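Try each task on your own before you read the solution.

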Amino acid sequence: EVQPAASGLAPNSHRPDPGASASGLPVLPLGWARHLSGEGRYFYSCQHIGETRWEEPKDSGKDGVGADWHWAVVDGQLCFIHPASERVQWNQPDVGDSQVM
């Protein structure tokens with residue numbers, strides 16, 4: 001009988017690539033979903049911004065990825081916070097097509 005390792009995986013189990021989904025396709029930026037058209041072609045949508053397109057969304061930009069940022073309302077104005085660096089800015093960070101939640 002094989003007992004699970006401390007990590008919850010059986011010994012010698014394969015750990016998935018964090019840059020790929022269970023399907024082997026690249027993981028999408030925060031807020032995006034992948035769909036398969038009737039013709040077998042992938043398309044992408046982001047309900048938060050109401051966008052649907054054929055091009056795969058970019059997962060990062062010059063300011064990193066959306067998951068690394070948070071937004072808050074300060075004195076009635078929206079600001080963006082990068083907790084790891086304690087950076088605060090008023091303009092939306094460039095995080096590719098990823099969403100800041």
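**Exercise 1. Describe the hairpin made by β1 and β2, including its turn.**

Keep in mind that this is a predicted model.

Step 1: Start with the turn. Five residues lie between β1 and β2 in this hairpin, and Gly40 in the turn has a positive phi of about 85°.

Step 2: Now look at the pairing. Strand β1 covers residues 33–36 and strand β2 covers residues 42–46; the two run antiparallel and are joined by four bridges.

Step 3: Pick out one pair of residues. Leu36 stands opposite Tyr42 in β2.

**Exercise 2. Work out the strand order in the open sheet of three strands, and say which strands sit at its edges.**

Step 1: Find the edges. β4 (70–74) and β6 (87–89) each pair on one side only, which makes them the edge strands.

Step 2: Zoom in on one pairing. Strand β5, residues 77–82, runs antiparallel to β6, and three bridges join the two. In this pairing, Phe80 stands opposite Gln89 in β6.

**Exercise 3. Which residues form a nonpolar patch on the surface, and what is their accessible area together?**

Step 1: Name the members. The patch is made of Trp71, Val73 and Leu78.

Step 2: Give the area. Together these residues have about 310 Å² of accessible area.

Step 3: Val73 is found in strand β4. Its relative accessible area is 56%, and the cut-off for exposed is over 50%, so Val73 counts as exposed.

**Exercise 4. Asp75 and Glu86 both have a positive phi. Where does each residue lie, and is it buried or exposed?**

Step 1: Recall the background. Most residues other than glycine have a negative phi.

Step 2: Look at Asp75. Although it is not a glycine, Asp75 has a positive phi of about 50°. You'll find Asp75 in the loop between β4 and β5. Asp75 counts as exposed because its relative accessibility is 77%.

Step 3: Glu86 lies in the loop between β5 and β6. With 69% relative accessibility, Glu86 counts as exposed too.

**Exercise 5. How many salt bridges does a search of the whole structure find, and which residues join into one network?**

Step 1: Side chains of opposite charge can pair when their charged atoms come close.

Step 2: Get the total. The search finds four salt bridges.

Step 3: Take Lys62 and Asp63. Their side chains meet in a salt bridge at 3.8 Å, N to O. Asp63 counts as buried at 12% relative accessibility, whereas Lys62 is exposed at 69%.

Step 4: Join up the network. Salt bridges that share partners tie Glu51, Arg53 and Asp97 together.

Step 5: Go through its links. Arg53 meets Glu51 in a salt bridge at 3.0 Å, N to O. Glu51 counts as partly exposed, at 29% relative accessibility. Arg53 also forms a salt bridge with Asp97, and here the closest N and O atoms are 2.5 Å apart. This pair links distant parts of the chain: Arg53 is in strand β3 (residues 51–53) and Asp97 in the segment after β6, 44 residues apart.

Step 6: Check the burial of that last pair. Both Asp97 and Arg53 are buried. For Arg53 the relative accessible area is 17%, and the cut-off for buried is under 20%.

Conventions: Residues are numbered from 1 along each chain as its sequence is written. This is a predicted model: local features need pLDDT of at least 70, side-chain atom pairs count only at pLDDT 80 or more; totals for chains, interfaces and linings use all residues. Side-chain values use heavy atoms; hydrogens and water are left out. Two strands pair if DSSP finds at least two bridges between them. Patches are made of residues with over 30% relative accessible area and no salt bridge: like charges are joined within 9 Å, nonpolar side chains (Val, Leu, Ile, Met, Phe, Trp, Tyr) within 5 Å. Accessible areas come from the Shrake-Rupley method with a 1.4 Å probe; for residues, only the protein chains shown count as cover. Buried means under 20% relative accessible area, exposed over 50%, partly exposed in between (1.4 Å probe, protein chains only).
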